[in-house]
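Morning, everyone. I have one structure to go through today. Here it is on the screen.

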Amino acid sequence: MKEEKALSKPEKQLTKKDLRKAFWTWQFFSHANYNYERLQAGAFAHAMGPIIKKLYDTKEDTVAALKRHLVFFNTAPNWGAVIHGIVIAMEEKRANGAEISDEAINSVKTGLMGPLAGLGDTLTQGTIIPLLLAIGISFGVEGSVFGPLFFLIVCPAVLVSIAYTMWMRGYYSGKDAVESMLSSGRLNEIISAAGILGCAVIGALIGQFVTFSTVFVVNVGQTAINLQADVFDPIMPKLLPLLLTVGLYKLLDRGKSPTFLMVAIIVVSFIGTFLGIL
């Protein structure tokens, strides 16, 4: 009954002005405070500032909402803007009494940020920007100043238009989707699916970007055994990157500083390379 009441009579309603204020905050600061620990988390929380301020009245609720959006986040700033729209819709429902947990909101962010980052990088850096550059250069090589001006004006205009469309689409589609999920009770299924997708994405990122191997060779009698090629790879390719990632996760979970761990990785890498182990 509480849920139905909250959906039928929302107490708080975001306006287009609120959405646009948050959108422009994200546009200007999406890569501000970018760091190796949480990447775009600070910018995400900053962009959610106007929304949180409008939706929550108490200091405790405001602090909890900001902390909710300070978890690891990274995606394409324009195509990934649909995530912000969906999350804003979820926050609006939550502020009006809907039972949407922190886990539900963060599962949506985690599940969508990877695929949209891949999509955005492919379309933006692999298609849109090269195409606009080719058009600008074709004018520039003829000596026309229109070439560089075309790129300087059209490229930001195209990317901002994409981001704005995705932001608004995310909010209005997400709002309807959240209402549908709440009324049908499918929210837990969506959370589980998003969590599985997020784990799959993280696994793929580990396999692709974490490089960790050994060149250590053990001599057993007349036989030389390469630990990497003869032991680890037959057990499971990318075994060492997986173990390294799990180990770092456990250390972070126990409160070790990310900065300390990054310095430790650099030191161990130098020592391992010097000794001929890594």
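I will cover a helix pair, then the salt bridges. Keep in mind that this is a predicted model.

Helices first. Two packed helices are described by the angle between their axes and the distance between the axes. Take H5, residues 81-95, and H6, residues 102-140. Their axes come within 10 Å. The crossing angle is roughly 170°. Anything over 145 degrees counts as roughly antiparallel, so H5 is roughly antiparallel to H6.

Which residues of H5 and H6 make the contact? On H5, the list is Val 82, Ile 83, Ile 86, Val 87, Met 90, Glu 91 and Arg 94. On H6, it is Asp 102, Ala 104, Ile 105, Val 108, Lys 109, Leu 112, Met 113 and Leu 116. By class, the H5 to H6 contact has eleven nonpolar residues, four charged and no polar.

Now the salt bridges. Side chains of opposite charge can pair when their charged atoms come close. How many salt bridges does a search of the whole structure find? Five. I will take three of them.

Start with Asp 18 and Lys 54. Their closest N and O atoms are 2.6 Å apart. Asp 18 sits in helix H2, residues 16-29, and Lys 54 in helix H3, residues 41-55, so this bridge ties together parts 36 residues apart in sequence. Buried or exposed? Asp 18 has 13% relative accessibility, so it counts as buried. Lys 54 is partly exposed, at 35%.

Next, Arg 68 and Glu 91. This salt bridge is 3.0 Å, N to O. Arg 68 belongs to helix H4, residues 59-68, and Glu 91 to helix H5, so the pair ties together parts 23 residues apart in sequence. Here both partners are buried: Arg 68 has 4% relative accessibility, and Glu 91 has a relative accessible area of 0%.

Third, Asp 102 and Arg 94. The closest N and O atoms are 2.7 Å apart. Asp 102 is partly exposed, at 35% relative accessibility. Arg 94 is also partly exposed, at 24%.

Now put the last two pairs together. Arg 68, Glu 91, Arg 94 and Asp 102 are linked in a network of salt bridges.

Note on methods. Residues are numbered from 1 along each chain as its sequence is written. This is a predicted model: local features need pLDDT of at least 70, side-chain atom pairs count only at pLDDT 80 or more; totals for chains, interfaces and linings use all residues. Side-chain values use heavy atoms; hydrogens and water are left out. Axes are lines fitted to C-alpha atoms, for helices over the stretch in contact, and angles run from 0 to 180 degrees between N-to-C directions. Helices (H or I, at least four residues) and strands (E, at least two) are DSSP runs, numbered from the N terminus. Angles under 35 degrees count as roughly parallel, over 145 as roughly antiparallel, 65 to 115 as roughly perpendicular and the rest as oblique. Contact means heavy atoms within 4.5 Å. Ala, Val, Leu, Ile, Met, Phe, Trp, Tyr, Cys and Pro count as nonpolar, Asp, Glu, Lys and Arg as charged, and the others, Gly among them, as polar. A salt bridge is a side-chain nitrogen of Lys or Arg within 4 Å of a carboxyl oxygen of Asp or Glu. Buried means under 20% relative accessible area, exposed over 50%, partly exposed in between (1.4 Å probe, protein chains only).
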